[in-house]
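I wanted to go through the charged side-chain pairs in this one. Notes follow, in the order I looked things up.

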Amino acid sequence: MDGKNRKDIYPGLEVDIILKKDQRSGARTRGVVQALLTSAAFHSRGIKVRLEDGQVGRVVEIFP
């Protein structure tokens with residue numbers, strides 16, 4: 001599942017994100033969602049979240 005719809009993402013969910021500094025390389029960072037930062041219901045590049053370790057990025061994959 002991709003992370004473009006806000007309704008699919010909630011705190012405590014394990015996700016892969018792409019950090020701002022990794023946008024060119026596409027390197028992913030895995031973590032657990034602490035907070036959703038995008039207020040829109042949909043975002044074409046992925047919903048922006050903060051992970052429990054404090055890193056911020058856009059969701060590219062969701063793990064059930």
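How many salt bridges does the count come to? I get five salt bridges, bearing in mind that I am working on a predicted model.

Entry one: R28 and D16. I find their side chains in a salt bridge, 3.6 Å from N to O. R28 sits in the loop between strand 1 (14-19) and strand 2 (29-36), while D16 belongs to strand 1, so this pair ties together parts twelve residues apart in sequence.

Buried or exposed, I asked myself about D16? D16 is buried, at 5% relative accessible area; the cut-off for buried is under 20%. R28 comes out as partly exposed, with 46% relative accessibility.

Entry two: R30 and D16. I see D16 again, its side chain meeting that of R30 in a salt bridge of 2.9 Å, N to O. Here R30 of strand 2 is linked with D16 of strand 1, and 14 residues separate them. I have R30 down as partly exposed, at 48% relative accessibility.

E61 is in strand 4 (residues 56-63) and R28 in the loop between strand 1 and strand 2, so I noted a link between distant parts of the chain, 33 residues apart. E61 is partly exposed, with a relative accessible area of 26%.

Last entry: which residues do the shared partners join? I end up with D16, R28, R30 and E61 in one network.

Conventions
Residues numbered from 1 in each chain as written. Predicted model: local features only at pLDDT ≥ 70, side-chain atom pairs only at ≥ 80, totals over all residues. Heavy atoms only, no water. Salt bridge = Lys/Arg side-chain N within 4 Å of Asp/Glu carboxyl O. Helix = DSSP H or I, 4+ residues; strand = E, 2+ residues; numbered from the N terminus. Buried < 20%, exposed > 50% of the residue type's maximum accessible area, 1.4 Å probe, protein only.
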